[in-house]
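Welcome, and please take a moment to look over the structure below.

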Amino acid sequence: MGYYFLESQYPRSGFISGGTTFTPELDKNYINVNYPLPDHTKAEVELLSSVRSLKVDYFETITGTRVVSDAFKTLLEETGSNVQFIPAIVRYHDDRPVEKTYWIAHLMEQVDCFDYERSEYGRKAVIAASVHQPPRKLVKVISKLVLDHSKINGYHFFKLAHVQLLKPIISSELYDTCKKHKLKLHVITI
């Protein structure tokens with residue numbers, strides 16, 4: 001099975017992003033929230049002024065939230081992905097509501113499947129040694145990414161554990177299903 005990074009930059013539309021605010025307000029920056037949010041949490045996303053028409057099924061915001069359409073949410077739920085979906089009101093910069101329903105995809109599975117031997121990354125010797133001699137060091141600069149498929153355990157939508165990458169990973173199986181449902185996603189092959 002192949003894997004892809006999900007991207008927020010679309011060839012014809014450009015970069016899709018915005019800012020997210022949560023109700024109730026978070027006590028720390030969203031990127032550092034690694035626990036489930038309360039059930040009654042809601043989100044509002046204001047798109048950047050450069051976004052005139054939102055016709056995509058996935059994008060990320062400046063605040064690190066991953067936003068999925070209702071159709072993408074349905075497919076993710078069918079795969080059994082460990083995602084908490086937070087209802088999101090998405091608006092254009094001029095306060096107009098967008099045409100589709102969107103959700104914040106929160107708390108994706110973090111999978112420890114980075115191949116420390118075959119990947120190329122900064123401080124390779126030090127970081128690779130920390131895998132066997134904790135504390136575990138974070139991989140920050142990657143020039144070649146290789147996944148250890150034996151450790152993925154059937155996940156179809158996940159983040160890499162111990163790697164500083166905000167982009168989620170999607171399996172080729174899930175991506176093919178998304179294409180059959182005509183979802184608009186932009187991916188880059190890993």
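## An exposed aspartate

D95 counts as exposed because its relative accessibility is 52%; exposed means over 50% relative accessible area, buried under 20%, and partly exposed in between, with a 1.4 Å probe and protein chains only. The residue sits in the loop between strand 8 (84–91) and strand 9 (102–106). D95 is not a glycine, yet its phi is positive, at about 80°.

Before going further, a word on the source: this is a predicted model, in which local features need pLDDT of at least 70, side-chain atom pairs count only at pLDDT 80 or more, and totals for chains, interfaces and linings use all residues. Residues are numbered from 1 along each chain as its sequence is written, and side-chain values use heavy atoms, with hydrogens and water left out.

## Another positive phi

N153 also has a positive phi, about 55°, although it is not a glycine. You can find N153 in the loop between strand 12 and strand 13 (157–160). With a relative accessible area of 62%, N153 is exposed.

Most residues other than glycine have a negative phi, and most peptide bonds are trans.

## Two cis peptide bonds

Which kind of peptide bond joins T23 and P24? The bond is cis, with omega about -5°. P24 belongs to the loop between strand 4 (18–23) and strand 5 (42–47).

A cis bond also runs from P134 to P135, and its omega is near 10°. Here P135 is in the loop between helix 2 (124–132) and strand 12 (142–144).

## The chain as a whole

Stepping back, the chain has three helices and 15 strands. These are DSSP runs numbered from the N terminus: helices are H or I with at least four residues, strands E with at least two. Along its principal axes, the C-alpha trace spans about 50 × 40 × 30 Å.

Of the 190 residues, 45% count as buried. Among contacts (heavy atoms within 4.5 Å) with a separation of 6 or more, 69% come from residues 24 or more positions apart.
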